[in-house]
Amino acid sequence: MSNSELLKELRIERHQREAHDGRMPRWPWIVLALVLLLALLGGGAWWMLGHRAIAVQTAIAVSPASDSGAGAVLQATGYVTARRQATVSAQITGTLTAVLIEEGDHVKKGQVLARLDDSAYRAGLEAARAQAAAAHALVAQYKAQLAQNDRDAARQQSLAAQGLVPKQAAEQARTLAEGTRAQLAAQMKTAGSADAQVMQAQVNFDYCVVRAPFDGVITTKDAQVGEIVSPFSAGGGFTRTGIGTIVDMDSLEVDVDVNEAYIGRVKPDMPAEAVLDAYPDWKIPAHVIAIVPAADRGKATVKVRVALEQKDARIVPNMGVRVSFLEQKPANVAQAPKGVLVPAKAIVQRDGRSVVFVVAAGKAQLRAVKPAALNYGELKLVPDALQPGDVLVLSPPAELRDGADVQTEKSSP
């Protein structure tokens, strides 16, 4: 065999080299890349479908209260005012040693609100008591002296009648008794004056304690311990004229300004309804107290006082209020039920509980609710968890979940 033939026998073909090479073939990598690509495409499609906004229909939760102002002949706005309020101050000038009130405290008539430094007034009271005691001691002394002088005068008179002593001695004894009686009367007046000084000192001493003039609520606290308070205003701002303000909440009423062109529609004792700006769904029965016989020429209005027939802790002074003057008193003045009315088809079952979906900022928020047994036609009463004006999803689809993006198709009234 020639050398060329031997070389051909020793040559390894390409397919033989690939079969005996230790490296992995290329086709598994190609398959793996295709699988990963399909997985990414599937994940992207799932993500896009899962975050796609779900088209829903919505409705608005409403209050069960009826329309405000029904049957009203006139409406006006005003503010809650207190007929009985006072800025409590000391009746003397002094330094505060204790302030026992805070805003919001309920106080009773006669309750101690603050104390002033009473050292000087205590000393004055003790001095007055000592002077009064000395004056009464002199009264007792003059009484004893008068009793002795009366006995001496009677004895001298008896002896003079028997001729044993001169009549002049009897007259001198009688004059001495009369003088002592006059001294006793004068000393009794002095003792009475001393007692009056004690009373005055006691009053000034009692002024060091500031008490509540009536039952009420503290609305402002105007002074602190260490400040000087005085019933008189002093320049410079270093002296306080008030310790705090107390308001009798039972005296709250409403002052409204009625346009003078319509004041003829308002009559005393006329029924009315008051609605506070802070609680627009709460209607308070009221009636007209009086029409103030004076007009504001700047605003062309007349002030009308309106009494609130219900007292509540939610009513506080200076709240804004809208008053509807009614032709006649409403037949049913019962309070509307608590909660909101929602369409029955907005309530669905999820995991064995009743829920609704509230739309806020383009997302659905799941809220658990407990509907009341009372129905209002196609509406259900939900006592809590919702507020008037909440936008609810009608007939929520099964795929709707908490936090899902939603797109409103149509809002139902």
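Visitor: Which residue is the bridge partner of glutamine 85 in S11?
Guide: In this predicted model, glutamine 85 has valine 247 of S11 as its bridge partner. The two strands concerned, S3 and strand S11 (residues 244-247), pair in the antiparallel sense, and four bridges connect them.

Visitor: And what is the order of the open sheet of four strands?
Guide: The order is S3-S11-S8-S5, in an open sheet whose pairing is antiparallel. At its edges are strand S3 (85-88) and strand S5 (106-107), each of which pairs on one side only.

Visitor: OK, what about the open sheet of five strands, what order does that have?
Guide: That open sheet runs S7-S6-S4-S9-S10, and the pairing within it is mixed. Strand S7 (209-211) and strand S10 (239-240) have a single partner strand each, so one side of each is left without a neighbour in the sheet.

Visitor: How many bridges join S6 to S7?
Guide: Three bridges join strand S6 (residues 112-116) to S7, and the two run antiparallel.

Visitor: Changing topic: glutamate 253, buried or exposed?
Guide: Glutamate 253 has a relative accessible area of 4%, and because the cut-off for buried is under 20%, this residue counts as buried. Glutamate 253 lies in strand S12 (residues 252-259).

Visitor: What does the side chain of glutamate 253 make a polar contact with?
Guide: The partner is the side chain of arginine 305, at 2.8 Å. Leaving aside residues up to four places away in sequence, glutamate 253 also touches several others, including Tyr79, Val80, Thr81, Arg83 and Ile289.

Visitor: Now the largest nonpolar core: which residues have the most contacts inside it?
Guide: Those are Val256, Val258, Val266, Val304, Val323 and Phe325, in a core of 28 residues. At least two residues of this core come from each of strand S2 (72-82), S12, strand S13 (271-276), strand S14 (283-296), strand S15 (301-308) and strand S16 (320-326). There is also a second, separate core of 19 residues, with Val88, Ala90, Val99 and Val210 among them.

Definitions and conventions: Residues are numbered from 1 along each chain as its sequence is written. This is a predicted model: local features need pLDDT of at least 70, side-chain atom pairs count only at pLDDT 80 or more; totals for chains, interfaces and linings use all residues. Side-chain values use heavy atoms; hydrogens and water are left out. Two strands pair if DSSP finds at least two bridges between them. Buried means under 20% relative accessible area, exposed over 50%, partly exposed in between (1.4 Å probe, protein chains only). A polar contact is a pair of N or O atoms within 3.5 Å; within protein, one must be able to donate a hydrogen and the other to accept it, and residues adjacent in sequence count only if both atoms are side-chain atoms. Contact means heavy atoms within 4.5 Å. A nonpolar core is a set of buried Ala, Val, Leu, Ile, Met, Phe, Trp, Tyr and Cys residues joined through side-chain atoms within 4.5 Å.
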